[in-house]
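Reader: Could you take me through one part of this model up close, the aromatic side chains? I'd like the cut-offs spelled out along the way.

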Amino acid sequence: MSTQKFATKALHAGHDVKQTGGTRAVPIYQTTSYVFNDSDHAANLFSLKELGFIYTRLNNPTNQILQERLASLEGGIGAVVFASGTAAISTGLLTLLKAGDHIVASSSLYGGTYNLLNVTLPRLGITTTFVDASDPENFGKAVQENTRAFFVESLGNPKLDVLDLEAISKQAKKAEVPFIVDNTVATPALLNPIKHGADIVIHSLTKYIGGQGNSLGGAIIDAGTFNWANGKFPEFTEPSAGYHGLKYYETLGAASYTFKLILEGLRDFGGALSPTNAFNIIQGLETLDIRIQKHSENALALAQWLEEQEEVAWVNYPGLKSSKYKTLANNYLPKGQSGIVTFGAKGGFEAAKTIANTTKTFSLLANIGDTKSLIIHPSSTTHQQLNPEEQASAGVTEDLIRLSVGLENIDDLKSDLKEAFNKIPKEAFV
Ligand SMILES: *Cc1c(COP(=O)(O)O)cnc(C)c1O
């Protein structure tokens with residue numbers, strides 16, 4: 001299997017048709033629980049002497065196929081799926097960290113993740129230092145004695161900064177902490193963070209992987225590379241009171257984190273993915289390879305066109321010659337730079353709002369990665385709860401419009417934006 005190319009794995013990995021009664025499509029196993037052979041069989045499952053399905057909060061055959069497929073596509077040793085990208089991030093962090101621990105994170109993050117790290121986790125005693133990720137040395141400089149993880153987005157949403165993952169991974173290795181990369185915007189079809197030193201990869205499956213804006217989901221892919229026995233993670237080496245004295249690292253080795261995500265993360269926090277949503281996401285994943293190529297092609301063409309429009313102050317897309325991330329994009333995203341484009345409306349806040357209010361083919365909503373084109377004005381919506389300095393470090397300015405460029409004909413996308421530009425009141429420019 002492992003010698004197969006991406007498009008083939010996206011269609012086949014994890015699904016042994018003989019095990020599902022010959023079904024060519026991955027079936028939906030819509031069940032909460034699984035019948036035991038007898039009480040001894042149940043006891044063996046509960047004590048991990050035997051692996052098998054117990055309850056869908058922990059695992060499910062449809063979800064498992066999605067897990068194996070994602071692990072294969074990202075080059076990990078295992079994966080666990082969750083009810084949303086946010087459930088993956090919060091459970092992933094809470095399975096690693098405890099009160100008193102510290103994270104070093106890029107300041108260019110999805111708004112929800114920024115709030116989790118900046119407001120909610122500090123209530124539990126887990127703090128974060130946010131750094132300017134354009135200089136990888138900043139990660140090393142922010143390391144404290146209690147630092148236990150680095151967290152970044154490979155392609156920041158919405159700043160679209162391409163990170164030098166290899167340089168940051170070196171800093172993580174020096175600090176002996178796992179390097180966690182949210183790869184949602186880039187997708188595994190364009191970038192595999194594990195190849196560049198990531199220990200843990202996170203996805204919101206809601207976006208390009210599901211791809212049609214119909215189902216929430218999230219995933220964590222474990223590279224299996226991190227040494228949990230380095231003394232900084234006693235929960236991996238000491239007997240677990242929550243699991244009849246199990247010593248994760250001694251018993252499960254490289255797969256320790258994957259199992260801990262299921263045995264503690266899903267058991268105790270409960271953010272399980274519904275099998276029907278797993279099915280919907282698998283339908284999307286099967287065509288990710290060709291979709292993301294077209295998203296990237298449309299986004300580049302639209303970004304180049306926007307650069308020529310008089311109503312536009314600036315355009316940010318990592319594939320543009322003018323982008324300050326072009327060199328990093330050539331290195332990390334040579335196959336395409338995904339479908340998100342941001343630009344500044346001349347005339348600022350009000351002009352940007354008018355554009356977002358006026359487009360018809362671009363839907364005004366808070367999502368990315370749909371086959372249909374989407375538009376939003378982050379400063380008044382997704383990032384409204386951040387103060388102006390926080391907005392600036394997340395790359396959000398008042399004039400910024402974020403587009404998620406869909407698969408429509410490019411001419412229709414241009415004319416939709418042009419019509420919106422024509423509606424900007426002339427006063428906005430004075
Ligand atoms: C949307 C998104 C998330 C959160 O995912 P949900 O599925 O909406 O919970 C996390 N990270 C990034 C980069 C995202 O775009």
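This is a predicted model: local features need pLDDT of at least 70, side-chain atom pairs count only at pLDDT 80 or more; totals for chains, interfaces and linings use all residues.

Author: Phe226, Trp228, Phe233, Phe236, Tyr248 and Tyr257 are tied into a cluster by ring pairs. Rings of Phe, Tyr and Trp (for Trp, the six-membered ring) pair up here if their centres lie within 6.5 Å; planes under 30 degrees apart make a pair stacked, over 60 edge-to-face, and the rest tilted. That rule gives a count of 13 aromatic pairs. One of them joins tryptophan 228 and phenylalanine 236, and that pair is stacked, with 4.3 Å from centre to centre and 10° between the planes. Both tryptophan 228 and phenylalanine 236 are buried, meaning under 20% relative accessible area, with over 50% called exposed and anything in between partly exposed (1.4 Å probe, protein chains only).

Numbering runs from 1 along each chain as its sequence is written, and side-chain values use heavy atoms, leaving out hydrogens and water.

Zooming out, 57% of the chain's 430 residues count as buried. As for contacts (heavy atoms within 4.5 Å), take those between residues at least 6 apart in sequence: 70% of them join residues at least 24 apart. The C-alpha atoms fill a box of roughly 75 × 55 × 35 Å along the principal axes.
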